[in-house]
Amino acid sequence: MLYDAVDFALKRMAQIPGRKAIVLMTDGVDQNSAATLKKTMDGIAEQDVLIYTVQYNTLPQLPQRLSVIKNEKARRKVQERLMKGYAVSEPYLRGLAEKTGGRFYRADDLSDVGPAFEAITSELGVQYSLGYYPKQNSGAGAERGIKVRVRYPNLVVRARDSYTTSPAIARSSGN
């Protein structure tokens with residue numbers, strides 16, 4: 001239900017004005033979502049929200065979780081499905097973070113969770129939000145590249161590399 005949760009959160013965030021961030025702690029493995037990986041990745045292109053992902057490693061517990069399935073054929077089928085989920089989990093969570101200007105953290109055990117949340121909290125407190133008006137208007141769904149540069153050394157700039165024009169913005173600019 002991971003993809004459904006991300007889809008739901010993105011829809012809710014679209015209704016909230018101002019700066020927004022989602023902090024998502026998960027193993028990254030989706031099970032039985034109606035939403036898809038592609039839909040949620042495409043959905044973030046039009047959102048003005050930072051997504052911070054903390055991937056908690058549940059792979060070491062997999063043998064124990066599978067041991068409760070007594071039917072060997074069913075157990076192999078579930079294991080195969082979960083291994084496919086684990087294979088796409090990190091790229092998915094990294095993608096959510098990178099496409100929105102957030103950050104990806106890995107938590108191999110519980111001792112890594114606290115520092116990840118401390119880093120997220122600290123980072124959210126020292127961010128700036130920039131805006132601009134493009135020289136040329138583009139139609140709804142057009143993707144535009146972004147590059148942010150600073151003049152001062154030792155500053156870290158992390159920003160999304162593009163955005164997609166939403167239909168409402170395209171209509172209000174005369175397209």
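In the predicted model, the side chains of aspartate 42 and lysine 38 are joined by a polar contact of 2.7 Å. Aspartate 42 belongs to helix α2, which spans residues 37-43. With a relative accessibility of 42%, aspartate 42 is classed as partly exposed. Its separation from valine 6 amounts to 36 residues in sequence, whereas the C-alpha atoms of aspartate 42 and valine 6 are 12 Å apart in space.

Confidence in the prediction was examined for the chain and for its elements. The protein chain has a mean pLDDT of 87, and 94% of its residues reach 70 or more. Among the elements of the chain, strand β3 (residues 104-107) has the highest mean pLDDT, at 97, and helix α6 (residues 167-172) the lowest, at 51.

Glutamine 55 is located in strand β2, formed by residues 50-56. Because its relative accessible area is 9%, under the 20% limit, glutamine 55 is buried. The side chain of glutamine 55 reaches the backbone oxygen of aspartate 27 at 3.0 Å. When neighbours within four places in sequence are left aside, the residues in contact with glutamine 55 include Thr26, Asp27, Ser89, Glu90, Leu93 and Phe104, together with Tyr105, Arg106 and Ala107.

Eight salt bridges are present in the structure. One of the pairs consists of lysine 84 and glutamate 80, whose side chains meet at 3.8 Å, N to O. Both residues lie in helix α4 (residues 72-100), where lysine 84 and glutamate 80 are four residues, or about one turn of the helix, apart. Lysine 84 counts as exposed because its relative accessibility of 55% is over 50%.

A further salt bridge brings together the side chains of glutamate 90 and arginine 94, at 2.8 Å, N to O. Glutamate 90 and arginine 94 are separated by about one helical turn because they stand four residues apart in helix α4. Both are partly exposed, glutamate 90 with a relative accessible area of 23% and arginine 94 with a relative accessibility of 31%.

Glutamate 90 also forms a salt bridge with arginine 106, in which the closest N and O atoms are 2.5 Å apart. This pair links distant parts of the chain, with glutamate 90 in helix α4 and arginine 106 in strand β3, 16 residues apart. Arginine 106 is partly exposed, at 40% relative accessibility.

Conventions. Residues are numbered from 1 along each chain as its sequence is written. This is a predicted model: local features need pLDDT of at least 70, side-chain atom pairs count only at pLDDT 80 or more; totals for chains, interfaces and linings use all residues. Side-chain values use heavy atoms; hydrogens and water are left out. Helices (H or I, at least four residues) and strands (E, at least two) are DSSP runs, numbered from the N terminus. Buried means under 20% relative accessible area, exposed over 50%, partly exposed in between (1.4 Å probe, protein chains only). A polar contact is a pair of N or O atoms within 3.5 Å; within protein, one must be able to donate a hydrogen and the other to accept it, and residues adjacent in sequence count only if both atoms are side-chain atoms. pLDDT is the predictor's confidence in each residue, from 0 to 100. Contact means heavy atoms within 4.5 Å. A salt bridge is a side-chain nitrogen of Lys or Arg within 4 Å of a carboxyl oxygen of Asp or Glu.
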